[in-house]
Amino acid sequence: MFAAKVEALALAVGLMVWPSLIERTCAQRAEKTYGGGWRGTKSASACLDGLFWLIAALTRVHHPMRTSHLMWLVGPDYLQCKEEFGYLRHWSNLLGMAVSASDAQDGSLHMTVFQPKTSSHPGLPGVVEVVTKSATNEESLGSVAPEFIIVCEAGQLPESARDRIRGRASTYNSRIIWSGTFENKESRAQFTWFERYAKQYLDHPTARRVTYQLPIYENMAVYGDCRQMIGDDETLGQQFCPDGDHGPAHSGLDPDGVPRHPKLREIYEDCRAADP
């Protein structure tokens, strides 16, 4: 039942549904890590978790001492939370929720989401606030505790920021999604704690913590066309299209949702067989 709801939500916001996407979204852990290479759909995966929580929160009246439920998007700076903020804003709009968003002078973003009563919908009792936080302003990580946290580019956060995030999560036993890139295309500084942490719970998952390393084939869940992938990262051309052939046979998906590109089709079928 839960898997069916996740699949329906993913399709409603325009995501292609892969078995591994359903598996990791359904996994109930206090901390989940989404790691992998550049453009590996980590942001979309983390935000699908966040959207599922957001919808559930809208069905609940918030704590009487608070005006709303609260989600944090934390990054090494405000800019690197922008993509996740955009996903949640766009998807909330697609689902017919009322969304009010604004920018603060310090560069942070703020969004309020609710489901008003209309002639076709009875409305929902909850209100959710989504705010972005920057690790460069660690004092902001000591403010009102959130109920759900997505950490963007976690490998670029120092351990002091990591510890503050966990400290605030302890107030409500909030879920944390750590999302980070191991292959750093922009040559930004990386902190070793994230890769060690991700590997530990990839090899030895627990009832509380688990890591998912997102494979490059899942880019097709976003692009559906090898030419767009290679446009984002030219090195993929050597792996998938060494002959430079990007004709019609390499474009998009067939009617069954399988990539037409022969190499990607092979990877897709192998993954489906291993993850039925």
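Two residues are in contact when heavy atoms lie within 4.5 Å. The exercises below apply this and related criteria to a predicted model, in which local features need pLDDT of at least 70, side-chain atom pairs count only at pLDDT 80 or more, and totals for chains, interfaces and linings use all residues. Residues are numbered from 1 along each chain as its sequence is written, and side-chain values use heavy atoms, with hydrogens and water left out.

**Exercise 1. Overall description**

Determine what share of the contacts between residues at least 6 apart in sequence join residues at least 24 apart, and state how many helices and strands the protein chain has.

Solution. Step 1: among contacts between residues at least 6 apart, 66% join residues at least 24 apart. Step 2: helices (H or I, at least four residues) and strands (E, at least two) are taken as DSSP runs, numbered from the N terminus. The protein chain has nine helices and eight strands. Step 3: a residue is buried under 20% relative accessible area, exposed over 50% and partly exposed in between (1.4 Å probe, protein chains only). By this criterion, 49% of the 276 residues of the protein chain are buried.

**Exercise 2. Helices α1 and α3**

Identify the buried residues of α1 and explain their placement, then check the span of α3.

Solution. Step 1: within α1 (residues 2-12), the buried residues are V6, L9 and A10. Because they cover an arc of only 100 degrees around the axis, they are on the same side of α1; the arc is that of the directions from the helix axis to the C-beta atoms. Step 2: the elements covering these buried residues include α2 (19-26) and α3 (42-58). Step 3: after α1 comes G14, with a positive phi near 90 degrees. Step 4: the expected span of a helix is 1.5 Å times one less than its number of residues. For the 17 residues of α3 this gives 24 Å, in agreement with end C-alpha atoms 24 Å apart. Step 5: α3 is largely enclosed by the rest of the structure, because 14 of its 17 residues are buried.

**Exercise 3. The aromatic pair W178 and W193**

Classify the ring pair of W178 and W193 and describe its surroundings.

Solution. Step 1: rings of Phe, Tyr and Trp (its six-membered ring) pair if their centres lie within 6.5 Å; planes under 30 degrees apart are stacked, over 60 edge-to-face and the rest tilted. Step 2: the ring centres of W178 and W193 are 5.6 Å apart with planes at 80 degrees, so the pair is edge-to-face. Step 3: this pair links distant parts of the chain, 15 residues apart, with W178 in strand β7 (residues 175-181) and W193 in helix α6. Step 4: W178 is buried at 0% relative accessible area, and W193 is buried at 3%. Step 5: W178 and W193 form one aromatic cluster with F194, Y197 and Y201. Step 6: a charge sits over a ring if NZ of Lys or CZ of Arg is within 6 Å of the ring centre and within 35 degrees of the ring normal. R162 lies over the face of W193, 5.2 Å from the ring centre.
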